[in-house]
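Open the model in your viewer and keep the selection tool at hand. This tour tells you what to pick next and what is there.

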Amino acid sequence: MQIRKTNYFLEIKRFLFSINALLYRELTTRISRSTIGLLGVFVEPSITLLVFIAIFSLRRGSDVFGLNIYIFLTAGISIFSLFNSIAYRSANAIDANQSLIGTYKYIKIIDTVIARSIIEFFLSLIFLIVILSSVFLYISQIVLSSIHLSISILFLSLTFSFGVGLIILVVSNLYPITKLILPFITRPLFIASGVFFPLLSIPQGLRKYLLWNPILHFIELFRNSFDNNYPLDKMISISYAFYSATTTLVIGLGLYFLFENELLKK
C-alpha cells in the first residue's frame, strides 16, 4: 500500500515538473519571437482579433440578431482560435520540444500538448476580458447573460481541442504526409464553423450538414451565453457539445497511450 502512495506522489511530482518546464519553454519561445517581449504575447494576438472585428463589423452593422457585433465576432474567433492553436499545432509538438523530451526522462509527449493547451486557454480568457471590458466602456453595459454556460462551453472547447490535438499528434507523426494536408483543412473548417455568420442565416438544406461540426455548436452556444435572446437553431445542443468533447478526448487518449512507444521512437 505504501508503494502505491509513493508512486502516485512521484507521478504528480513528475507531471508538475514537466508542465512547468514546458510552460516556461513555450512562453520563452513566444516572447523571443515578439518584438515587444512579454507584452507582445498578449497584445499582438489581441490586435489581430480587433482587426478582424473592425473589418467584419463594418460589413455587418452594429448587431447580429440583436447580439452586439463585437461580442458576436469575438465569440466565434475566440473559440475557433482556441481549437486551431491547440489542435493543429499539436502536429509539431514533438519536433518543437525534442530537446526537452530527449533530455529529461520525466517529460512525456502528452505533456507538450497539455502545456500548450493551458497557455492557449489563458490567452483566450485574456482576449475575452479585453473585449468585454472594451464593450462595457463603450456601451456601459455588462454583456453576459449566463456565466455558467460561458464557462461550460470554454471547458468543453478546451476538452475537444485537446482530444483532437492528441489525435493529430499521433496520426501526423505516424504518417508525416498528413502534416501537408492539415493546412488545407483549416480554412474550410474555419468557414463551416460559423465564425463570421449566424447559423440561422444559412439555408436549411446546408444547415443540416454544418450541424455535424461540434465547433459550430460551441460557438453558437457561446454567443447565446452572452445574450440569451440570441436565437439558436433547434438542433444546437449542449448535449451534443458535451458528448463530442468527451468522445474525442477518450479517442485521443486511447490513441496516444496505444502508440506512445511508437511516438518515442520518432
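**Before you start**

This is a predicted model, in which local features need pLDDT of at least 70, side-chain atom pairs count only at pLDDT 80 or more, and totals for chains, interfaces and linings use all residues. Residues are numbered from 1 along each chain as its sequence is written, and side-chain values use heavy atoms, with hydrogens and water left out.

**Stop 1: the whole chain**

Select everything. The chain holds eleven helices and two strands. Helices (H or I, at least four residues) and strands (E, at least two) are DSSP runs, numbered from the N terminus. Follow the order from the N terminus: α-α-β-β-α-α-α-α-α-α-α-α-α. How much of the chain counts as buried? Of its 266 residues, 46% do. Buried means under 20% relative accessible area, exposed means over 50%, and partly exposed lies in between (1.4 Å probe, protein chains only).

**Stop 2: helix α3**

Select residues 69–87. This is helix α3, with 19 residues. From first C-alpha to last, α3 reaches 27 Å, close to the 27 Å expected at 1.5 Å a residue. The expected span is 1.5 Å times one less than the number of residues. In α3, 16 of the 19 residues are buried, so the helix is largely enclosed by the rest of the structure.

Axes are lines fitted to C-alpha atoms, for helices over the stretch in contact, and angles run from 0 to 180 degrees between N-to-C directions. Angles under 35 degrees count as roughly parallel, over 145 as roughly antiparallel, 65 to 115 as roughly perpendicular, and the rest as oblique. α3 passes α8 in a right-handed crossing. A crossing is right-handed if the near helix is turned clockwise from the far one by less than a right angle, and left-handed if anticlockwise.

**Stop 3: I114 in helix α6**

Select I114. This residue lies in helix α6, residues 109–139. Is I114 buried or exposed? At 18% relative accessibility, I114 counts as buried.

**Stop 4: from α9 into α10**

Select L211, in the loop between α9 (204–210) and α10. L211 counts as buried, at 11% relative accessibility. Its C-alpha is 9.0 Å from that of S193, 18 residues apart along the chain.

Move on to N213. This residue caps the N-terminal end of α10. Look for its side-chain oxygen, 3.0 Å from the backbone nitrogen of I215.

Next, take α10 itself, residues 214–226. The helix has 13 residues and reaches 19 Å from its first C-alpha to its last, close to the 18 Å expected. In α10, 13 of the 13 residues are buried, so the helix is largely enclosed by the rest of the structure.

**Stop 5: the loop to α11**

Select D233, in the loop between α10 and α11. At 6% relative accessibility, D233 counts as buried. What joins the side chains of D233 and R207? A polar contact of 2.9 Å does. Such a contact is a pair of N or O atoms within 3.5 Å; within protein, one must be able to donate a hydrogen and the other to accept it, and residues adjacent in sequence count only if both atoms are side-chain atoms.

**Stop 6: helix α11 and its partners**

Select α11, residues 238–265. Start with α10 beside it. The two pack at an angle of about 130°, with their axes 9 Å apart. α10 and α11 are therefore oblique to each other. Their crossing is left-handed.

Then show α7, residues 147–174. The axes of α7 and α11 come within 8 Å and cross at roughly 30°. That makes α7 roughly parallel to α11. This crossing, too, is left-handed.

Finish on G254, in α11. G254 is partly exposed, with a relative accessible area of 39%. Its C-alpha is 9.1 Å from that of I167, 87 residues apart along the chain.
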